[in-house]
Amino acid sequence: MDSYSEVFDQVKGYCREAMTEVAYNLWIDDLQITSLDGTAARLLAGSQMRRDIVTEKYMELLSSSFEKVMGFPVQVQILCREEETAAPAAPAEQEFQPEKEYSFSNFVVGSSNRFAHAAACAVAANPAKNYNPLFLYGQSGLGKTHLIYAICGEIRRNHPEYKLLYVKGEEFANELIAAIRAGSTAEFKEKYRQADLLAVDDIQFIAGKESTQEEFFHTFNSLYECNKQIILTSDRPPKEIKTLEDRLRTRFEWGLLADIQPPDFETRMAIISRKAESLGLSMPEDVASYIAGKLKNNVRQLEGVVKRLSAHNQLSGAPVTPMLAENVIQDILTEQTPLPVTVDRIIDEVARTYGVTTEDIRGQRRNNQISNARQTAMYVVREITGMSQSDIGAEFGGRDHSTVVYALQQVAKTIGTDPRKKEMVEDIIKNIRNLG
Ligand code: ADP
Ligand code: MG
């Protein structure tokens, strides 16, 4: 079998044998498979209603049919079209794949990152010996992910048999919610607790999300007790992640905290020339110092400028001058101003925080948790986008203006009296702004 649709045709064949023809034609025949990554399959149903019915009535049959075809258990997830476009196509967690670009050898060390770099080297040399967990923090674009990959690359070389798991905090949260919905939390736990090293990048995204924090707490303990290395990164130190549970905060501080600051001028110059060299671009000194003088807070942007200068230079033979650099910097700065954050993105983040679905928030159900989530989402939308109350109502399943006014008042009132809620809303807003 060389494609997953062939696998799925066989799966359907098994289902067909076990069902009436009518039921098969009604529910199974038009399911599509969108991915199969070995142990996880995603199917697409024609509508939300069909997804719910197929999940409820035929999940077991589908799972057992997959197992018959593949020879091992497959975690089946059924989505409808709206979710499919919203959900990441790739499996959330990945067994670590070394990336040549992100190694210790091409990490430029300066006073702003010397400590974090030394800590990362120590962990790579002796995983789970001295610094567990390793908690790296600093603003976006300063090399946290680079260091995680460098550590993993080094460990992969020294211990090829280690199972190294890398996941982004947001994906960990998403994956857990999907597992809860699909009834496959056992597999989820199993996967994370088998790691010899677990790196969770941008852990701040689990803050405020109760079930995710609960699950991460147990994962953490289980790995820690088995003496497995844990690496975490965040844009802030644990004590500033407001809605992080205390028991997690203390654990994050058990090992080593290392911050990365924006690079000083010399380090910026070194990064620019290293990058230029790797691209075969000869970079005049005055251009390098022009760039280093303009972009101070983000290595990703520094690199971006060098890459574009190199492209201009190669494609059109344009000489590399401060003037060209200025244009390129302008372009990059305009492009990287955060895109207008969409309502979808906000609803998504609030849904994850509350452990409900985005359909719950847009829909008509009214239990406490859903109503709270919905009101909070309306509040955050108003805060971030400044949309009118009637427009917000329209985005939330056609609710009228007065409902929105009431929701905004309720949330404002709670925020005024309940510091936890205030922090939670602040965290949600921060997370969304961060995602740009
Ligand atoms: P973060 O995870 O902190 O947001 P990244 O690790 O993604 O940042 O780094 C952004 C980009 O900058 C990457 O391409 C990375 O290789 C590069 N970078 C960051 N710091 C350094 C450094 N000290 N030396 C070389 N490249 C760096
Ligand atoms: Mg990163």
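How do the residues of the shell around ligand 1 divide into nonpolar, polar and charged? In this predicted model, in which local features need pLDDT of at least 70, side-chain atom pairs count only at pLDDT 80 or more, and totals for chains, interfaces and linings use all residues, five residues of that shell are nonpolar, eight polar and three charged, where Ala, Val, Leu, Ile, Met, Phe, Trp, Tyr, Cys and Pro count as nonpolar, Asp, Glu, Lys and Arg as charged, and the others, Gly among them, as polar. Residues are numbered from 1 along each chain as its sequence is written, chains are lettered from A and ligands numbered from 1 in the order in which they are written, and side-chain values use heavy atoms, with hydrogens and water left out.

The shell comprises 16 residues, each with a heavy atom within 4 Å of the ligand, and the closest are Val108, Gly141, Lys144, Thr145 and His146. At least two shell residues come from each of α6 (144-158) and α13 (299-316), helices being DSSP runs (H or I, at least four residues) numbered from the N terminus. Polar contacts (pairs of N or O atoms within 3.5 Å) reach oxygen atoms of ligand 1 from a backbone N or O atom of Gly141 at 2.7 Å, from a polar side-chain atom of Thr145 at 2.7 Å and from a polar side-chain atom of His146 at 2.6 Å. Taken alone, ligand 1 exposes 560 Å², of which the protein buries 93%, accessible areas coming from the Shrake-Rupley method with a 1.4 Å probe.

Definitions and conventions: A polar contact is a pair of N or O atoms within 3.5 Å; within protein, one must be able to donate a hydrogen and the other to accept it, and residues adjacent in sequence count only if both atoms are side-chain atoms.
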